[in-house]
Structure formats: structure tokens, C-alpha cells
Amino acid sequence: MFDFRPKVQVTIEQTGECYPCAVGESLLKGMLRLGRKGIPVGCVNGGCGVCKVRILQGKTEVLGPVSRAHVTESEEAQGYTLACRVGPTCEVKLEVAGKMIKPFSKGFPGQATPPAITK
Ligand code: FES
């Protein structure tokens, strides 16, 4: 079924990837349409913390409670939140954090790559 909700662009800082996300839709749900392997999807209700991101630009709306065990008040003040619990209200630029970094570190040389393995 076609989604008629207005969409805004979400940009991932580390890779430069963009995806459309509907107003009222979670950042995580929109992100999954990128088709990138390994994007962590856990509880999808703000409880497990695997979808941690930091909002760098733009505004989001809270879609549900975020576990304080995974996003402290201090982190929240710095823009951290859980992608499954917030949706964009305008264009958003975000940075993936925590367990979200690994799947975004592949395929983009020079961008968020893990350190080289040495013997
Ligand atoms: S998927 Fe569990 S907190 Fe977002």
C-alpha cells in the first residue's frame, strides 16, 4: 500500500546516505529501507538500546518512551536518542552510535571504518 504521509529527508552523517522518512514514522523504520545489512533491530519499543543515534540537525518528535538505561539525561541533552522512538518533523541529519556504527562502517572507505586488524 502506498504511504501518502509527507516525507522528509534523513541523512546519515558518517556515510552521507539519505533516506525518506514519513512524518510520524520512526527513524529506524525509514532507515531499514536503505536495505543495509546488519542494521540492528531489537525490541522496537525503546527498551534494548541497539538503535542509538545522535540527532545533529533538524527536529524530531517523540513516538514513545526511551529507556534511561540506554540514553541518559546527559546524552539526551547532547542529542542522543533511540531511532525506534523518534520520528522526524523536518529534514534531519543524524549520526549512528553504539551498535549502529558497525553496519554503517562497511562499504564506505574512509568513513567510520573500524581500525585495521594487525597480527
Ligand atoms: S530497537 Fe530496541 S531500543 Fe530501538
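Visitor: How much of the chain counts as buried?
Guide: In this predicted model, 25% of the chain's 119 residues count as buried.

Visitor: OK, and which residues have the most contacts inside the largest nonpolar core?
Guide: Those are Leu-27, Cys-51, Val-53, Ala-83 and Leu-94, in a core of 21 residues.

Visitor: Which elements each supply at least two residues of this core?
Guide: You'll find β1 (7-12), α1, β3 and β7 (92-96) on that list.

Visitor: Back to Leu-27. What does Leu-27 touch, not counting residues up to four places away in sequence?
Guide: Its partners are Val-10, Cys-21, Val-53, Ala-83, Val-86, Gly-87, Pro-88 and Leu-94.

Visitor: Let's zoom out. How many helices and strands are there?
Guide: The chain has three helices and seven strands. Starting at the N terminus, their order is β-β-α-β-β-α-β-β-β-α.

Visitor: And what about contacts between residues at least 6 apart in sequence: what share join residues at least 24 apart?
Guide: That share is 62%.

Visitor: New topic: which residue has a positive phi although it is not a glycine?
Guide: That's Val-44, with a phi of about 60°.

Visitor: Where does Val-44 lie?
Guide: Look in the loop that runs between α1 (27-32) and β3 (52-57).

Visitor: Why does Val-44 count as partly exposed?
Guide: Because Val-44 has 17 C-beta neighbours inside 10 Å.

Note on methods. Residues are numbered from 1 along each chain as its sequence is written. This is a predicted model: local features need pLDDT of at least 70, side-chain atom pairs count only at pLDDT 80 or more; totals for chains, interfaces and linings use all residues. Helices (H or I, at least four residues) and strands (E, at least two) are DSSP runs, numbered from the N terminus. A residue is buried if 20 or more other C-beta atoms lie within 10 Å of its own, exposed if 12 or fewer, and partly exposed in between; C-beta atoms are placed from the backbone. Two residues are in contact if their C-beta atoms, placed from the backbone, lie within 7 Å. A nonpolar core is a set of buried Ala, Val, Leu, Ile, Met, Phe, Trp, Tyr and Cys residues joined through C-beta atoms within 7 Å.
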